[in-house]
Amino acid sequence: MCPKEKTENKRKGGKNVYGMEPAELKSLFVSWGKPAYRGDQVFRWLYQKKAASFEEMTDIPGELAGKLNETLGIQSLVCLKKLRSGDGARKFLFGLEDGRRIETVFIPEAGRRTVCVSTQVGCKIGCPFCVSGSGGFIRQLTTHEIVTQVLEAARLTGEEISNIVFMGIGEPLDNTVHVLRAVRILNHPLGMKIGARRITISTCGLIPGIETLRDFDLQVKLSVSLHAVKNDLRDGLVPVNRTYPLEKLMAALEDYDRTKGRLVTLEYALISGINDSDADASRLAGLAGKIKAKVNLIPCNPGMGDAFRAPSGNRTYSFKRILEDRKITVTRRNTKGRDILAACGQLVFDREPEAAESNGKEK
Ligand code: SF4
């Protein structure tokens with residue numbers, strides 16, 4: 001079990017402080033006739049010293065700590081289970097205020113400590129190779145439920161988080177209000193200071209969300225799960241393609257690149273016999289070249305049945321070579337955490353803690 005044993009996660013007080021930006025905290029103090037800098041102090045305590053109560057904030061007078069307690073909640077996620085992979089990745093099963101559960105992954109690599117966060121309980125998109133979306137959509141995660149996944153990952157691992165990828169359960173650009181607000185909080189110089197360029201938002205191709213991100217003032221990275229280069233195949237693999245087909249998606253990405261000046265990454269899950277032919281590689285090179293995108297090849301992870309298997313090493317190599325020969329920057333993503341079902345498309349919501357325990361070693 002995690003240090004905090006399985007408990008009810010009922011929020012005390014009103015609005016949760018973990019969903020608030022420094023400006024809002026300052027306004028709160030000003031509305032009480034107190035100096036605005038108190039807001040910055042509270043924010044620092046939350047994210048730099050990782051205080052779990054207002055009483056721990058020793059430079060906040062007791063009278064103000066009491067007022068904060070009456071006005072705000074300071075409730076983080078409850079860790080129900082943690083698992084450690086043989087490759088060092090760690091997965092956390094977190095309980096939410098309404099009893100729902102989500103998963104978050106910590107990925108240590110040379111020079112970086114990444115947290116892969118979830119943004120929804122379930123997902124509306126329903127990609128057939130993804131376990132995360134197989135149970136349908138329950139609800140959006142709120143700002144504080146997103147922020148505290150990163151905070152708790154830092155607390156539970158004792159590591160300083162350097163990177164965030166929005167690639168857990170859910171479609172981040174279907175929840176832009178809370179996701180972008182969480183990005184501001186996590187990026188803030190008084191808090192965890194995670195650089196915008198070290199934050200990646202991954203989408204299956206929701207064009208309205210891509211436009212919102214284009215107009216967002218922070219220079220976060222955009223990654224698009226393409227997975228197919230023809231509409232008929234993509235309609236099945238990434239069903240949102242029926243609403244936003246490839247030609248419209250590529251035009252939106254061109255516009256994004258032109259307006260924001262940020263290169264896009266195209267994620268491509270290689271699935272044996274489905275999207276891994278030489279012709280697919282060639283078309284993918286054409287699409288990537290048009291928008292100067294980098295390509296990330298992800299050998300399909302064990303997930304939804306036998307239909308979705310990774311190609312052989314030789315096939316993956318040949319596919320990659322075709323892209324390289326066309327001068328496309330391409331990487332083969334090293335998937336971490338497969339043995340604890342923490343890799344892409346393997347995270348689930350509402351998993352029973354007992355079931356989670358059976359998938360890996362508890363630490
Ligand atoms: S791959 Fe992403 S968008 Fe598709 S069902 Fe899974 S979580 Fe949703």
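Select helix α5 and colour its buried positions: Thr176, His178, Val179, Leu180, Ala182, Val183, Ile185, Leu186 and Asn187 are buried. This is a predicted model. The helix is mostly covered, with nine of twelve residues buried.

Next, check the helix ends. α5 runs over residues 176-187. From its first C-alpha to its last, α5 reaches 16 Å, close to the 16 Å expected at 1.5 Å a residue.

Move to the ligand and select its surroundings. Cys123, Ile125, Gly126, Cys127 and Cys130 belong to the shell, as do Ser132 and Gly133. Ile169, Gly170 and Glu171 also surround the ligand, together with Cys204 and Gly345. Coloured by class, the shell shows six nonpolar residues, five polar and one charged.

Zoom out to the whole chain, which has eleven helices and 13 strands. The chain is as compact as a globular protein of its length, because its radius of gyration of 21 Å is close to the 21 Å that the globule rule gives for 363 residues.

Finish with burial and contacts over the chain. Of the 363 residues, 47% count as buried. Among contacts between residues at least 6 apart in sequence, 69% join residues at least 24 apart.

Technical notes:
Residues are numbered from 1 along each chain as its sequence is written. This is a predicted model: local features need pLDDT of at least 70, side-chain atom pairs count only at pLDDT 80 or more; totals for chains, interfaces and linings use all residues. A residue is near a molecule or strand if its C-beta atom, placed from the backbone, lies within 6 Å of it. Ala, Val, Leu, Ile, Met, Phe, Trp, Tyr, Cys and Pro count as nonpolar, Asp, Glu, Lys and Arg as charged, and the others, Gly among them, as polar. Helices (H or I, at least four residues) and strands (E, at least two) are DSSP runs, numbered from the N terminus. The radius of gyration is taken over C-alpha atoms; the globule rule is 2.2 Å times the number of residues to the power 0.38. A residue is buried if 20 or more other C-beta atoms lie within 10 Å of its own, exposed if 12 or fewer, and partly exposed in between; C-beta atoms are placed from the backbone. Two residues are in contact if their C-beta atoms, placed from the backbone, lie within 7 Å. The expected span of a helix is 1.5 Å times one less than its number of residues.
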